[in-house]
Structure formats: structure tokens, C-alpha cells
Amino acid sequence: MKKLKKENNRRDFLKKCSLSTVPFLIPTIGLNAMSFEKTNDKVLTKNQSSVNFIYDGLALGPTEYLNKLQEINKSKPIEPDFYGGGGTTKLIEEEFAKITGKEKAIYLPTGTMANQLAIKLLNENNTKVIVPENSHIYRDEADAAQSVHGKRLIPVGKGKSYFDITDLKSTIDYTNKNEVFKSGLGTVVIENPVRRADGTFVPIGVIKDISKYCKENNYKMHLDGARIHIASAFSNISVSEYASYFDTVYISLYKYLNASGGAILCGDAKIIEQISHQIKILGGTVFQSWNNTSMALHYLEGINERWNEVVIKSEKLITALNKLNGISITSLKNGTNIYDLILSNEISLKKLAIFLYNEHNIWLGRANDKGIVKFTVNESLLTRDYTDILDAWKKGIEQARN
Ligand SMILES: Cc1ncc(COP(=O)(O)O)c(C=O)c1O
């Protein structure tokens, strides 16, 4: 019985961290090393919210999620939507249309659906869509474009974080010269920040060049901006400026806005007004979505200010941690909230992770095969005192020395 309970707790924790289902994208850390003795509720009774160095958002567990919804509902009663219409869902759509400077925005159950419907509709009768080779659309959407929507994805920029105008032009040139039966290219996609390149952002000059070329040649542009506010915080380019170079923009509601799922697609009314019918065709029309949209709307308010604070606080913390013996945290070129953490041989990552988790409710990711931990900062940093976090690390490093 006791063993079963322990196993259930362990499973709860794994579930909360999405670790049981996500094979490699999420660094499953020292999590292997953690004791898993504490359930989310026990940690909460210590009245110490978690600081995680693993995710883009707060990774709220069920209790925290429900408490937060209660808090939101108490301060202003949540208005339910009806099959996606009205209530908080309408409010968040209006808010995102404003933020991106687009005519309209619409809620969808997933980002995958938002991406796929955007390229399908933007492309009209054209069959070809150019996508980054390392993008979610190309690699992680189960060939939906080809199998459901009759669109052929052409990947560009293999082996690079992002493709530039030269890569784009040479791919278009190559297809034009080498294909006998011409079918049109309709849309070019950019993902920013790039998930498979450790969240690095695409330089604004590259986006501008591509956008100008696409306008001149009558190609539409779609932005997979699942984490666009994070790119914005680290690149100092506003979300509205990013959006201005694209016809449609998708933004996730759960990566850093802490909902349990959901997506927003923004663009011209002509496109967005076709989306709800398409969602229904795909069986994605959900009775009510206020549980996601009220949470995301809550975290959308003041997001720029909070992420500016994350940038400042994390820089301060990283500078202080780099002064400790045996720890090195470096930023990436065009980096956003993901850094490379390397420990010297005399410090055990396993001991450090267990200590931080058990004693301080601080979560650290696992090392990859090169011994690098992807040290990820997010809003959870703002929920605790800076000195407490630094002291926890100092103690942890000393405890973890072999
Ligand atoms: C860059 C990017 N685009 C799209 C998606 C798809 O989002 P969803 O899980 O809501 O389908 C993800 C999710 O991992 C992502 O990281």
C-alpha cells in the first residue's frame, strides 16, 4: 500500500512535469535523481512556491491551477464562453488582436491546429509551403499539412537555427528550375523563437528581408510565435513589430501564459473569420474554454513588465552563480531564456538537484549527453526572494561537492 502511494506520488510529479510522455525535449534531469517523496500539496504547505529552471512557464500543478482560478474568479468573476464564443474567450481574442495589431484573433484548442489552418487558408489553392527544417510545423505535426490539408511542405535551412533570405531564394530558384509541373508556392513560415535551437530568436533583419521579398513576390507569411513574448523580452523587439511582418501569427496559451492548453491565431478578418468553421470540420470545437482563456488572460496582463524583470533578475542570478567555484552558465547567440549550465567534475548534478528540490522546491533539469544542463528561466523566478534563491544554490553547490 505504502509502495503504491509512493509510486502514485512519483507518477503525479512526472505527469506534472510532462516527463512521462515527452521523450527528449524536456530535460528530464536530476529529476531521475529526485526522491519524489513530496507531492505538490506537501510542497505547497511549506508555503514556498516552486522556482523551476526547466520550463518556459510556471508548470502549475492541479492544486496551484485550481487555487489560481479561484483567485482570478474572486477578483473578477470569470465569464464562461459558449462553444468558443463570448466570455473570457472573447476578451482574450480582443486582447491578442490589439497586442499583435491584427484585425482579428481566435482561440483554438491547439497550436498545431492554429499553424495548420493558417497555412491552409493563407495558401488558398497553392500547394507549396516553405517551412524551417527544424520547425514544429515540419517535424512535429504528424505531416498534417500533407495528409489532411493537401499542402506540400518544403523544408529550408537544414542544420541551421534559422534560414535567411539567401537560403529562401535559392530554394525557390531550385524548385522553379527543376520541377516540370508547376504548382504554386503560397506561404513562407518562420518560427520564432526556435524551439529546436534552444529557444534562440531569429534576428529581426532576417525577418525583415524575408518579409519584404515575400510581399514583392506575393507570398503570404505565417509566424509560429508559440513563445513570442519570450523572444520579445530578450530581443527588445515588440510583439506588435514582430507581428507586422506576417499575415498570421500563432501564440501558445500554455507555454508561458500558464493555461493548461490552447492557442490564439491572429490575422486579417478575411482569414480569421474562416477559422471557426475549419475547427468544427476537424472536430476541435470545444464546449467551453474559459478554464484556459481566463488563466492565460490573467497572465497576459503585465506580461512585458514581468518578463523584463525575469531578464534582469536572471542576469543578476547568473552573474552571481558564475562567481561560485565549479559552475559555469553561458548565454547562447541570439539566446532567450535558455542558457547552458556546466558543472565541474567535483560537483554532482544529482546531489545538487536533489538538495535544491527537497530543501528549497527549486527544480533543475537533467544534463544532455554533452554534460550540459539547459538552464531555463521563467516567471517562477519572480515568486521568490532573490537572496533566498541564491543562498539555496550556494548551499546546494557546497553539499554537492564530491
Ligand atoms: C514552436 C511550437 N509550435 C507549435 C507547437 C504546438 O502547440 P500545441 O501543443 O498546442 O499543438 C509547439 C508545442 O510544443 C511549439 O513548441
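This is a predicted model: local features need pLDDT of at least 70, side-chain atom pairs count only at pLDDT 80 or more; totals for chains, interfaces and linings use all residues.
**Helices, salt bridges and a buried helix**

Residues are numbered from 1 along each chain as its sequence is written, and side-chain values use heavy atoms, with hydrogens and water left out.

Back to our two helices. Two packed helices are described by the angle between their axes and the distance between the axes. Here, α4 covers residues 87-100 and α14 covers residues 290-300, and their axes come within 8 Å and cross at roughly 40°. Those axes are lines fitted to C-alpha atoms, for helices over the stretch in contact, and the angles run from 0 to 180 degrees between N-to-C directions. The helix names come from DSSP runs numbered from the N terminus: H or I with at least four residues for helices, E with at least two for strands. So α4 and α14 are oblique to each other (under 35 degrees counts as roughly parallel, over 145 as roughly antiparallel, 65 to 115 as roughly perpendicular, and the rest as oblique).

Who touches whom? On the α4 side you'll find Thr88, Thr89, Leu91, Ile92, Glu95, Phe96 and Ile99, and they meet Trp290, Thr293, Ser294, Ala296, Leu297 and Leu300 of α14. Contact here means heavy atoms within 4.5 Å. The residues of this contact divide into eight nonpolar, four polar and one charged. For that sorting, Ala, Val, Leu, Ile, Met, Phe, Trp, Tyr, Cys and Pro count as nonpolar, Asp, Glu, Lys and Arg as charged, and the others, Gly among them, as polar.

Now for some charges. Side chains of opposite charge can pair when their charged atoms come close. The structure holds 17 salt bridges, each being a side-chain nitrogen of Lys or Arg within 4 Å of a carboxyl oxygen of Asp or Glu. One of them joins Arg227 and Asp56, at 2.7 Å from N to O. This pair links distant parts of the chain, 171 residues apart: Arg227 sits in the loop between β6 and α10, and Asp56 in the loop between β1 and α3. Arg227 is buried, with a relative accessible area of 14%, and Asp56 is buried at 14% too (buried means under 20% relative accessible area, exposed over 50%, partly exposed in between, using a 1.4 Å probe and protein chains only).

Another salt bridge pairs Glu379 with Arg306, with the closest N and O atoms 2.7 Å apart. Glu379 lies in the loop between β12 and α17, while Arg306 is in helix α15, 73 residues apart. Both Glu379 and Arg306 are buried. Arg152, by contrast, counts as partly exposed at 37% relative accessibility. Arg152 forms a salt bridge with Glu179, at 2.8 Å between the closest N and O atoms, and Lys128 joins these two in a network of salt bridges.

Finally, follow the chain to α10. Eight of its eight residues are buried, so α10 is largely enclosed by the rest of the structure. Among them are Ile228, His229 and Phe234. Just after α10, Asn236 takes a positive phi of about 60°.
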